[in-house]
Amino acid sequence: MMTPAISPLPLGDSFGRPLRSLRLSVTDRCNLRCRYCMPEADYIWLPRESILTFEEIDRVAGIFAGVGVEKIRLTGGEPLLRQNLATLVGLLSRRGSFSDIALTTNGILLGRSAAALRAAGLLRVTVSLDTLHPDRMVAFARSARHAEVLEGIEAARGAGFRSVKVNSVIIRGYNEDEVLDLLEFGRERSIEIRFIEYMDVGGATAWSMEQVVPRREILDLVARRYGEVTPVSQGGSAPAERFALADGTVFGVIASTTAPFCRACDRSRLTADGTWLLCLYGERGLDLRELLRLGASDAEIAERISGLWRARSERGAEERAELGDRGVLHRIESLRADPRREMHTRGG
Ligand code: SAM
């Protein structure tokens, strides 16, 4: 498929933020039921026939490359539940358009697929691991597959990725006592750990501010054990602020709740059924599946994407942080009315 002949850069939104990074959700299904993301007993799933095929995703990715996107992250739901994901990675990699092709996964199925994904051109992997205690994972994510996650991390470390990182959502009353152990886990394996503040995204129907362990508290905890924690200077739009310990160990904090970073956000998201969203918290989306399936040309789709991005003014996390009284973003009825509001549908 031809990439549209329009100049790739710069495409700035109303705050001058470039369209640089695209998160592709390849499925809304997940094999975990983390309490902060999918706590309900049942869900309304996207209809199978509406899920974009690999060819459709690859075509869309090519169009996005044409308007400036350089970085792709495959996510979900659990992206490794999508059969033959390495085939999609291969298609994206063969384009030669992306400086980064990464995957966010819960790691359960990574052990058996890490080598194939790497061979297909996947460059970086982030594994979500919130606890080092298998029994806590049973209680918190309704899964007894902790050992498989650890195997997945080991397989990724051995597969030759440019980087393997671990994401840990820290929640008061659940795992705030594991911050130092998780940091040690990463330190021993030369894996960068990123501590994520509990966010009030769609799906987090039990969210409350009291359960958020703020960035400041995480940094104080680490400093009390390891001494001085030095910020690592970094340009750009990466969600994590990075810090170094005296021995050179680097870790990150993603403080989307208490210190949001919308002003540098160059990310947008494509749901598995082809709705393009301009903000993790946003309501506004463009139905690319319809455009694709009704026969729009690449150039027409690129025009629609460019127009929406130029008008983009979303700063969802900052607006949430500015609220005085902050409760859950969406109650269950609102999520049932539109499952695209779910974090697991729009791609974390
Ligand atoms: N299944 C994959 C995984 O577990 O990494 C990818 C999708 S998951 C939605 C992506 C990331 O979002 C995970 O690191 C998860 O911990 C994070 N996440 C989900 N809900 C969250 C919440 N309420 N607050 C903070 N992070 C959340």
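Me: Which residue takes a positive phi just after helix 4?
Reply: This is a predicted model, in which local features need pLDDT of at least 70, side-chain atom pairs count only at pLDDT 80 or more, and totals for chains, interfaces and linings use all residues. Residues are numbered from 1 along each chain as its sequence is written, and side-chain values use heavy atoms, without hydrogens and water. Helices are DSSP runs of H or I with at least four residues, numbered from the N terminus. With a phi of about 50°, the residue just after helix 4 is Arg142.

Me: Which residues of helix 4 are buried?
Reply: Buried means under 20% relative accessible area and exposed over 50%, with partly exposed in between (1.4 Å probe, protein chains only). Helix 4 covers residues 134–141. Its buried residues are Met137, Phe140 and Ala141.

Me: Within what arc do the buried residues of helix 4 fall?
Reply: The arc is that of the directions from the helix axis to the C-beta atoms. Seen down that axis, the buried residues of helix 4 line one face, because they fall within an arc of 80°.

Me: Which exposed residues does the face of helix 4 turned away from its buried side carry?
Reply: An α-helix has 3.6 residues a turn, so residues three or four places apart point the same way. On helix 4, the face turned away from the buried side carries Asp135 and Ala139.

Me: Against which helix do the buried residues of helix 4 pack?
Reply: Contact means heavy atoms within 4.5 Å. The partner spans 146–158 and is helix 5.

Me: What share of the 348 residues of the protein counts as buried?
Reply: The protein has 12 helices. Of its 348 residues, the buried share is 58%.

Conventions
Helices (H or I, at least four residues) and strands (E, at least two) are DSSP runs, numbered from the N terminus.
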